[in-house]
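User: I would like to learn how to read a few features of a structure. Please take them one at a time, with the general idea before the case.

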Amino acid sequence: MRKRVKTTNFAYFKERIKESFSRSSLAKRKKVKIHREGTNILILLILVLGAVNVPIWLFMPPYALPIIFTSVSAVAYIFVFNFFRSPKRHYTGPRKNIVVSSVDGHVVAIEKVKENEYLKSEAIMLSVFMSPFNVHANWYPVEGTVEYVRHHRGRFLAAYLPKASEENERSTVGIVTDTGHRLTVRQVAGAMARRIVTYARRGMHSTIDGHLGFIKFGSRVDIYLPLDAEIIVKMNQNVKGGVTPVARLR
């Protein structure tokens, strides 16, 4: 009788553990996926790496050299794969008059500037720099309506430089919030970033959980806020797109 009870308990706990791991792995799969901007690149990259590595293994003994090539190829693929990850995020805090970071990275600028494109007035520029190791999906910072979208060709200076906002390849999005505030979001390409993708279109509704666009490789995003906005982050602070509040609108 005791043996039967132990067996039953063991089987019960075994099923619970399996169920727990199953739920955990399912949650992870739901939470993080590969961004659609990276699908074709990853397929092409694995084909290229395969085309390079197979002949090396076949025709280049000794085996130390093929192993080195394959190891380098694997690291390169993992790096690119990691770059195009797209975590699923849902902002749980209050949304009225709150501005949330559009990207992952660290704050590199909080300063008063003149925004001549959409706001056409002085504003507080809050800039977040993304390294190649950050998630590069871009989220809308506020709830509102897109009023202005324009892409500009330009240079590819290091994204952390102040003049990158005006001289680099960039895309400008103007948004009016549900409470009537106007702000600008600017995607800025960097030295490595060669393509900015902007999903925002005039008349679209912006939501903090929605993707504004994507920038491939190192870059930055600038948010231009009203002068009376309360900034609630500090210089060099790490922030998460769609998660970290960066300002309050009065």
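User: In which helix does Leu 44 lie, and is Leu 44 buried or exposed?

Analyst: This is a predicted model. Leu 44 lies in helix α2. A residue counts as exposed when its relative accessible area is over 50%; Leu 44 has 54%, so Leu 44 is exposed.

User: Which residues make the nonpolar surface patch?

Analyst: Leu 44 is one of them, along with Val 48, Val 52, Val 54, Leu 58, Phe 59, Met 60, Leu 65, Ile 68, Phe 69 and Val 72. The patch covers about 1,000 Å². Helix α2 supplies the largest share, with 6 residues.

User: How many residues are in the largest nonpolar core?

Analyst: A nonpolar core is a set of buried nonpolar residues joined through side-chain atoms within 4.5 Å. Here the largest has 27 residues, and the most contacts inside it belong to Val 99, Ile 175, Leu 183, Leu 225 and Val 246. At least two residues of this core come from each of β5 (121-130), β8 (170-177), β9 (182-189), β12 (211-215), β13 (219-225) and β16 (245-248). Another core, of 9 residues, lies apart from it and includes Leu 42, Val 80, Phe 84 and Val 197.

User: In what order do the 3 strands of the open sheet run?

Analyst: Strands of a sheet pair through backbone hydrogen bonds, in a parallel or an antiparallel sense. In this open sheet the order is β3-β16-β14, with antiparallel pairing. The edge strands, β3 (98-100) and β14 (230-231), each pair on one side only. Between β3 and β16 there are 3 bridges, in the antiparallel sense. Opposite Val 100 stands Pro 245, in β16.

User: How many salt bridges does a search of the whole structure find?

Analyst: Side chains of opposite charge can pair when their charged atoms come close. The search finds 8 salt bridges. One of them joins Arg 248 to Glu 230, with the closest N and O atoms 3.3 Å apart. This pair links distant parts of the chain, since Arg 248 is in strand β16 and Glu 230 in strand β14, 18 residues apart. Arg 248 is partly exposed, with a relative accessible area of 39%, and Glu 230 is also partly exposed, at 31%.

User: What about Glu 115 and Arg 186: are they buried or exposed?

Analyst: Buried means under 20% relative accessible area. Glu 115 is at 1%, so Glu 115 counts as buried. Arg 186 is at 3% and therefore also counts as buried. The two form a salt bridge whose closest N and O atoms are 3.4 Å apart.

User: Which residue forms a salt bridge with Asp 222?

Analyst: Arg 220 does, with the closest N and O atoms 3.0 Å apart. Both Asp 222 and Arg 220 are buried. Arg 220 is also 9.1 Å from Ala 164 in space, C-alpha to C-alpha, although the two are 56 residues apart in sequence. Ala 164 is in helix α4 (residues 164-167) and counts as buried, at 0% relative accessibility.

User: Which residues are linked in a network of salt bridges?

Analyst: The network links Arg 95, Glu 143 and Asp 209.

Note on methods
Residues are numbered from 1 along each chain as its sequence is written. This is a predicted model: local features need pLDDT of at least 70, side-chain atom pairs count only at pLDDT 80 or more; totals for chains, interfaces and linings use all residues. Side-chain values use heavy atoms; hydrogens and water are left out. Patches are made of residues with over 30% relative accessible area and no salt bridge: like charges are joined within 9 Å, nonpolar side chains (Val, Leu, Ile, Met, Phe, Trp, Tyr) within 5 Å. Accessible areas come from the Shrake-Rupley method with a 1.4 Å probe; for residues, only the protein chains shown count as cover. A salt bridge is a side-chain nitrogen of Lys or Arg within 4 Å of a carboxyl oxygen of Asp or Glu. Helices (H or I, at least four residues) and strands (E, at least two) are DSSP runs, numbered from the N terminus. Buried means under 20% relative accessible area, exposed over 50%, partly exposed in between (1.4 Å probe, protein chains only). Two strands pair if DSSP finds at least two bridges between them.
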